Amino acid sequence: MTILKNEFLEVELNPKGAEIIKIIGQQDNINYMWKRDASLWANSAPILFPIVGALQNNECRIEGKTYTMTQHGFSRHNIYATHQQSDTCVEFELTPNEEILKQYPYLFDLKIIYTLKDNQLECRNIVKNTDDKTIYFQIGGHPAFACPFMDNESSNDYYVEFEQNESLYQKIIDVERKGMSHDTRLLFDNERRFFVRQELFNNDAIVVKDFKSKYVDLKSLNHQKSLRFYMENYNHLGIWASKHVGGLLAIEPWVGHSDYVDFTGEFKEKEGVVALAKGETFECKFTVEINQ
């Protein structure tokens with residue numbers, strides 16, 4: 001495990017999946033991350049790469065060949081190399097190994113850089129194409145936060161608030177067929193907030209695209225503690241609270257999403273996929289701000 005620490009926050013990170021394990025307030029001693037109950041969901045914030053969500057039949061087609069990859073890709077199952085820069089900065093790095101190349105034939109260098117700045121934890125995701133041709137990928141975060149923050153509360157008193165009023169349709173996930181349907185449902189009509197209710201997530205995550213807001217907040221009606229989540233260069237946002245897992249709310253910035261249920265094309269034709277030329281880099285970033 002890697003520890004980052006300053007006067008505001010103490011952060012625990014796992015090189016497996018380059019994952020945030022804990023974000024603890026130095027003033028209130030609260031862990032703002034999901035507690036990782038292995039009997040319910042053993043993760044807390046894996047990095048998703050080179051796919052977000054699921055492939056139809058766990059298969060994708062790249063340059064005429066079929067490859068097998070499980071949900072959210074291989075990043076979360078791999079140990080990243082750790083390059084700790086200071087007490088407040090660490091770089092995790094993943095490059096292809098033999099097992100990865102069986103699932104995904106492209107060469108890449110993926111760096112996840114965490115930096116602690118006052119009451120904010122920044123997570124930069126940098127993909128470099130080290131292949132001799134264009135590579136294609138999706139990338140995303142899956143940070144799951146404690147909701148409620150404290151044990152003596154109810155998540156029913158918490159709400160998600162976007163920076164701006166939005167008019168958004170949510171994409172509907174087809175849970176039975178393990179993919180994205182083509183159906184949508186109105187989420188916001190010039191609105192910006194919704195209360196956390198388990199029934200909202202009966203069809204898995206709420207997924208939206210083309211939102212204007214640069215951040216969303218997680219707040220309670222009963223106190224001033226809050227979490228602000230900033231996003232840069234993502235084209236989708238997933239918000240998830242599993243009906244089988246109490247006590248968490250995941251705010252997931254994505255580049256891309258699961259296959260549509262009828263998708264049969266090449267990997268490079270997936271919606272939201274990044275095409276990255278030889279020698280080029282792609283960067284996206286999210287930041288977690290804790291207000292104790």
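Tutor: Strands β14 (residues 158-174) and β15 (residues 179-195) run antiparallel and are joined by eleven bridges. Within this pair, Tyr-159 has Phe-195 of β15 as its bridge partner. The two strands form a hairpin, with four residues between them. In that turn, Lys-178 has a positive phi of about 55 degrees. Please bear in mind throughout that the model is predicted.

Pro-148 is placed in the loop between β13 (144-146) and β14. The peptide bond that joins Cys-147 to Pro-148 is cis, and its omega is near 15 degrees.

Next come the aromatic rings. A pair of aromatic rings is described by the distance of the centres and the angle of the planes. In the whole structure, a search finds 20 aromatic pairs. In one of them, the ring centres of Phe-149 and Tyr-158 are 5.1 Å apart and the planes stand at 85 degrees, so this pair is edge-to-face; the cut-off for that class is an angle over 60 degrees. Both Phe-149 and Tyr-158 are buried. There is also an aromatic cluster, formed by Phe-49, Phe-74, Tyr-104, Tyr-106, Phe-108, Tyr-136, Phe-137, Phe-267 and Phe-282.

Pro-50 belongs to the loop between β4 (47-48) and β5 (59-62).

We may now turn to strand β22, which spans residues 281-291. Of its eleven residues, eight are buried, and the strand is therefore described as mostly covered. Strand β10 (residues 120-129) pairs with β22 in the antiparallel sense, over nine bridges. Here Leu-121 has Val-288 of β22 as its bridge partner. Strand β18 (residues 226-232) also runs antiparallel to β22, and seven bridges join these two strands. In this pairing, Glu-232 stands opposite Lys-285 of β22. The loop between β18 and β19 (236-240) contains Asn-233. The phi of Asn-233 is positive, near 75 degrees, although the residue is not a glycine.

When residues up to four places away in sequence are not counted, Thr-115 touches Thr-88, Cys-89, Gln-120, Leu-121 and Glu-122. Thr-115 has a relative accessibility of 14%, and it therefore counts as buried, the cut-off being under 20%.

Cys-89, one of the residues that Thr-115 touches, lies in strand β8 (residues 89-94). Its relative accessibility is 15%, so Cys-89 likewise counts as buried. Apart from its neighbours within four places in sequence, Cys-89 is in contact with Leu-4, Gln-84, Ile-113, Tyr-114 and Thr-115. A separation of another kind is found between Cys-89 and His-142: they are 53 residues apart in sequence, and their C-alpha atoms are 20 Å apart in space.

Among the contacts of Cys-89 is Leu-4, and its residue number falls within β1 (2-5). This strand belongs to an open sheet of three strands in the order β1-β2-β3, with antiparallel pairing. Strands β1 and β3 (19-25) stand at the edges of the sheet and have a single partner strand each, so one side of each is left without a neighbour in the sheet. From one strand to the next, the twist averages 20 degrees. Strand β2 (residues 9-14) and β3 run antiparallel and are joined by six bridges. In this pair, the bridge partner of Glu-10 is Ile-24 of β3.

Beyond β3, the loop between β3 and β4 holds Asn-29. Asn-29 is not a glycine, yet its phi is positive, at about 60 degrees. With a relative accessible area of 63%, Asn-29 is exposed, since the term applies to values over 50%.

Conventions
Residues numbered from 1 in each chain as written. Predicted model: local features only at pLDDT ≥ 70, side-chain atom pairs only at ≥ 80, totals over all residues. Heavy atoms only, no water. Buried < 20%, exposed > 50% of the residue type's maximum accessible area, 1.4 Å probe, protein only. Contact = heavy atoms within 4.5 Å. Phe/Tyr/Trp six-rings, centres within 6.5 Å; stacked < 30°, edge-to-face > 60°. Pairing = 2+ DSSP bridges. Axes fitted to C-alpha atoms, helices over the stretch in contact; angles between N-to-C directions.
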